[in-house]
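Visitor: I would like to walk through a protein model with you. Could you show it to me?

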Amino acid sequence: MENLVSKLRNLDAYPKINEDFYSRTISGGLITLASSIVMILLFLSELRLYLHGVTETKLVVDTSRGETLKINFDVTFPALRCSMLSLDAMDISGEQHLDIRHDIFKKRIDANGNVIESRQEGIDSAKIEKPLQKHGGRLQHNETYCGSCYGAESSDNDCCNTCEDVREAYRKKGWAVTNPDLLDQCRREGFLQQIKDEEGEGCNMYGFIEVNKVAGNFHFAPGKSFRQSNVHVHDLLVFQMDSFNISHKINRLAFGDYFPGVLNPLDGVQWTQEPPSGMYQYFIKVVPTVYKEASGSTIQSNQFSVTEHFRTADHGLLNTLPGVFFFYDLSPIKVTFSEENLSFLHFLTNVCAIVGGVFTVSGILDSFIYHSQKAIKKKMEIGKFS
């Protein structure tokens, strides 16, 4: 047993020195204090990195096909009424979504930005009080209402029971509604009066749309859109206005879901129109992004960069439709962010490296200072006796 203990004592790589041979100095104490602080700071930094993990970035070619792009938006127009504001989306594949109402909400706001009314698009109650029937007579007792489309019917069975139905039928025909007061449905619902009642108001429009994952655009503009001679135009005659103030504030614009660290450059951007009126354009480059969390879940989203341009109405109304346009294109490169947690052994290795490295460097520094002081002191003593 004693032989085993003796052999174990001989394996000691850290021989001990009697305290009588120690020489403690003030400089050594200061270096010890400084090195201890450095060790603690480096340890806390390494511990934070171990607990939160690291995020690695990788660029790959985007080979996804047949996917859709979700666009979340929240835009405020302080000088455009909700009754005149519409949203359209179209892409280079030829697909068009005109006057989008699904998943879209509007808030009427006053000049101070206070909310007057909030409603979801497409949800309205039609007012039917003895309206004019398709055959020309007034609605009678126990008779089903079927309003006239004023020549815009696609078939004999079509009925336009509201002002919105008539405007939609006109849009499909590529016609413009010049005077809503000539339409029984619009006159009965007080369409023009509603527009007048909202004078001086603004509109906050928010929601989301899903489009094909190809280049395209979506825009906010006054009036109902339709195609005329293969040109996208909006029916502005109904509002009987010469110009439109398209001042706006983008509260939020995101292509896809939120992920940690995402920065949307248009959030909070505000633009105020100065005469003359025109078209405000945002040209957006969308970069597909995948965020992989340490838990294994994946977030499919996008980042984007943007440039801006204002186009005045000098070139004619058809070329400079008043409104706010967002033209987007997709990058062929996908960015992948991956969260990774360091292993405990990796953390332990780094801590040992920190402690050992700081201890060794501080020991070298202390030794250099100690021997320098001894050498200087020795020379001073020699000079004193000579």
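Guide: Here are some questions and answers on disulfides, a strand and a pocket in this predicted model.

Visitor: Glad to start with the cysteines. How many disulfides does the structure hold?
Guide: A disulfide is a covalent bond between the sulfur atoms of two cysteines. With the bonded cysteines numbered in sequence order, the pairing reads 1-8, 2-4, 3-5, 6-7. The number of disulfides is four.

Visitor: What is the torsion about the S-S bond of cysteine 149 and cysteine 160?
Guide: This disulfide has an S to S distance of 1.9 Å, and it ties together parts of the loop between S6 and H3 that are eleven residues apart in sequence. Cysteine 149 is buried at 2% relative accessibility, and cysteine 160 is buried at 2% as well. The link is right-handed, because the torsion is about 100°.

Visitor: Which helices do cysteine 163 and cysteine 186 lie in?
Guide: Their sulfur atoms are 1.9 Å apart, forming a disulfide, and the link is right-handed, with 85° about the S-S bond. Both cysteine 163 and cysteine 186 are buried. The pair ties together parts 23 residues apart in sequence, because the cysteines lie in helix H3 and helix H4 (residues 184-189).

Visitor: Let's turn to strand S15 (residues 323-330). Why is it largely enclosed by the rest of the structure?
Guide: Strand S8 (residues 216-222) pairs with S15 in the antiparallel sense over five bridges, with histidine 219 partnering phenylalanine 325. Strand S13 (residues 278-292) runs parallel to S15, joined by eight bridges. S15 is largely enclosed because its buried residues number six of eight.

Visitor: Last stop, the second largest pocket. Which helices give two or more residues to its lining?
Guide: This pocket has a volume of about 590 Å³. Its lining has 18 residues, with Ser23, Gly28, Thr32, Gly363 and Asp366 nearest the centre. The lining divides into five nonpolar, eleven polar and two charged residues. The elements giving two or more residues are helix H2 (26-52) and helix H6 (344-385).

How values were computed. Residues are numbered from 1 along each chain as its sequence is written. This is a predicted model: local features need pLDDT of at least 70, side-chain atom pairs count only at pLDDT 80 or more; totals for chains, interfaces and linings use all residues. Side-chain values use heavy atoms; hydrogens and water are left out. On a 1 Å grid over the protein atoms alone, a cavity is a set of points where a 1.4 Å probe fits but cannot get out, and a pocket is an open set with protein on both sides within 12 Å along at least five of seven lines; lining residues have an atom within 4 Å of a point. Grid points are joined across faces, edges and corners, and a volume is the space filled by probe spheres set on the points. Helices (H or I, at least four residues) and strands (E, at least two) are DSSP runs, numbered from the N terminus. Ala, Val, Leu, Ile, Met, Phe, Trp, Tyr, Cys and Pro count as nonpolar, Asp, Glu, Lys and Arg as charged, and the others, Gly among them, as polar. Buried means under 20% relative accessible area, exposed over 50%, partly exposed in between (1.4 Å probe, protein chains only). Two strands pair if DSSP finds at least two bridges between them. A disulfide is a pair of cysteine sulfur atoms within 2.5 Å.
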